[in-house]
Amino acid sequence: MNLLNNESIRLLRRSLEYFVPYKLHIIIAFTALGVVALCTAGAAYLVQPALDEIFINKDRTALMFVPLLLIGVFLAKGVGLFIQKYLMSYCGLKVLERLRYELYAKIICLPLDFFGETRVGMLMSRIINDVNLISSSLPEILRIIQHSLTMIGLIGLVIYRDAVLAFWACLVFPLAVYPVIYFGRKLRKVGRNYQSKIADISSHLQETFNGLRVVKAFATEDLEKEKFAQTSNKLVRIGIKGKVYNQLSSPIMELIGAVGAGLVIWYGGSEVIAGNRTPGEFFSFMTALVMLYDPFKSISQANNTIQQAMAGAERVFEILDSQDIREETGGTRLYTPPFAALRFEQVTFSYPGTQEPALKDINLEILAGQRIAFVGSSGAGKTTLVHLIPRFHDCQQGRIILNGHDVHDYSLASLRMGIGIVSQDPFLFNVSVRDNIAYGHNADQSQIEQAAHAAYAHDFILDLPQGYDTVVGEKGVKLSGGQKQRLTIARAILKNPSLLILDEATSALDTQSERIVQQALDNLMQGRTSLIIAHRLSTVLSADSIVVMDGGRIVSIGSHQELVTRCPRYQRLYALQFSTTAGNTESQTTQ
Ligand SMILES: Nc1ncnc2c1ncn2[C@@H]1O[C@H](COP(=O)(O)OP(=O)(O)O)[C@@H](O)[C@H]1O
Ligand SMILES: [Mg+2]
């Protein structure tokens, strides 16, 4: 343990905090391991009466008692060992559960900005692998204590049997400590590299599986295979290195042990031959000495495990304790509908790590019941603007005032519950249709069906194999884009938000499904204030006011008629975008 530096001690202490609730378990485990240590030394002690009394003196009473005692000693040792191991595994698993939960709870509450594509795999690896390592820290420490106690018992016996011989045997000991230090350090480094390579693999998997369509479209399977093989190979090489260090440490220490044993036999044997010792005393000594090897080896292994645990702890607590990785916090005010007004006041926002602001000096007022359309070319900042309202991001300058209060004043949950968002790519969970619609709500069947009706989803849901109980997504039925979108609309209808955001909700759909989704959206917009990022002319035409965006700025606000005459940017958009979708709408209506 003296091998740990300050940082490791801090990490260790931090890890051990998690074991505090299991004080009682640990105390019992401690008692049990005391018994184990005592029994181990006891077994070595019994070698002397066994040899001297039974085999040399041929004493019949000893013949009765010594074997029974031996069985008793091992029985006690076994029970003690079981209790100790059981309790420690129990505590380890409970701590694992707690850590995994805390990490997940922290991560899921982090701001959206934190979740870049590659980080997801890294985070998964921390939740799945690293916490495992930490949970073994205390059990390993107890193992060290157990083996230390056993060693103390055995060393006591060794000295009791022959102090001079013990002195010589112990001379070899410091020699054996050096490899423990050396390999411990190496293994910790390997452990750290190994975990980081696992995270790399997770990221790679995450990225390529998510983007498999792109991989296939560009026929880069071989390239990805090659990249994967390289990462995997690095992992293997580090793994092998770790194994080498791990396996080298035992034979080296065994060799050192053998040197010690050779010396002891040479000296002890000559003492027995000279008649200064009985063979029983010598063999009891020898047994204790040989038995010392096991706890000594275990301690060095436990030390390695603790080093690895600390490497895991470093990565886990980096997230749990970091000042920079902070959970989002909201205010205390509860946002309560109805929606009255929303005002952007000189809002400027840049994504973290970018130079150019995505939104510049936005001023905008939205009143209850209005239908506001946002238009602009791709990258103009439309999505970014609407995402500031539920605080998916926070603006660096300016304020966003909702019903007279800064959005920061509202609790995040109440703020977000009051806002409905339907975006371009509908996301469904891998659960039943019912649970997808009712996500986040305790809705009864009739409410769910009502929402599904309004979203034009009820009929197709009934046609699914298990109706509302059909599982969608990865493990269930595949739905079309339009069907998925209608489910998310039903979900939004059930949420009953007072402010609605539609972010190109129909842009990914073909004209056929677009029409029915549009009808569903019309139902959803009924009686709500809506912000609509639009790519269809009909949506734009039905808006009370149109906000034209370009390069992160609002360039113009007005009705279609006004903008067509006075906004060149709008004229261009109209010519490029809406005239084609207008054509679509017409061809639809003539069908
Ligand atoms: N997560 C992000 N990180 C960094 N930059 C982003 C991110 N999302 C969008 N941007 C940038 O912000 C600008 C506005 O994007 P966005 O609001 O999505 O535009 P729109 O919805 O109008 O197409 C673009 O220049 C885009 O590259
Ligand atoms: Mg967008």
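Domains. I looked up the separation and found the C-alpha centres of domain 1 and domain 2 to be 56 Å apart. Domain 1 covers 6-321 and domain 2 covers 341-590; I note that such bounds come from an automatic or database domain assignment.

Ground rules. The model is predicted, and local features need pLDDT of at least 70, side-chain atom pairs count only at pLDDT 80 or more, while totals for chains, interfaces and linings use all residues. Residues are numbered from 1 along each chain as its sequence is written, and chains are lettered from A and ligands numbered from 1 in the order in which they are written.

Six-stranded sheet. I traced an open sheet with the strand order β6-β7-β8-β3-β9-β10 and mixed pairing. Strands here are DSSP runs (E, at least two residues; helices are H or I, at least four residues), numbered from the N terminus, and two strands pair if DSSP finds at least two bridges between them. At the edges stand β6 (419-422) and β10 (553-558), each with a single partner strand, so one side of each has no neighbour in the sheet. I noted an average twist of 20° from one strand to the next; the axes are lines fitted to C-alpha atoms, for helices over the stretch in contact, and angles run from 0 to 180 degrees between N-to-C directions.

Pairs in that sheet. β6 and β7 are parallel over four bridges, with Gly 420 opposite Leu 500 in β7. β7 also runs parallel to β8 (residues 529-533), joined by five bridges; Ile 501 has Leu 531 of β8 as its bridge partner.

Is β7 enclosed or open? Four of the five residues of β7 (499-503) are buried, so the strand is largely enclosed by the rest of the structure. Buried means 20 or more other C-beta atoms within 10 Å of the residue's own, exposed means 12 or fewer, and partly exposed lies in between, with C-beta atoms placed from the backbone.

Four-stranded sheet. I found a second open sheet, ordered β2-β1-β4-β5, with antiparallel pairing. Its edge strands, β2 (359-367) and β5 (405-406), each pair on one side only. Six bridges join β1 (341-349) to β2, where Leu 367 is the bridge partner of Ala 341.

Cores. I took a nonpolar core as a set of buried Ala, Val, Leu, Ile, Met, Phe, Trp, Tyr and Cys residues joined through C-beta atoms within 7 Å. The largest has 73 residues, of which Ala 373, Phe 374, Ala 455 and Ala 490 touch the most other members. Helix α16 (481-495) gives the most to this core, six residues. A second, separate core of 58 residues includes Ala 29, Tyr 45, Met 286 and Met 291.

I then listed contacts of Ala 373 (C-beta atoms, placed from the backbone, within 7 Å). Beyond four places in sequence, they include Ile 532, Ala 534, Val 540 and Val 547.

Helix α6. In α6 (163-171) I found Leu 165, Ala 166 and Ala 169 buried. They cover an arc of only 100° around the axis, which puts them on the same side of α6; the arc is that of the directions from the helix axis to the C-beta atoms. The buried residues pack against α5 (137-161), α9 (221-273) and α10 (279-321). The face turned away from the buried side carries the exposed Ala 163, Val 164, Phe 167 and Leu 171.

Technical notes: Two residues are in contact if their C-beta atoms, placed from the backbone, lie within 7 Å.
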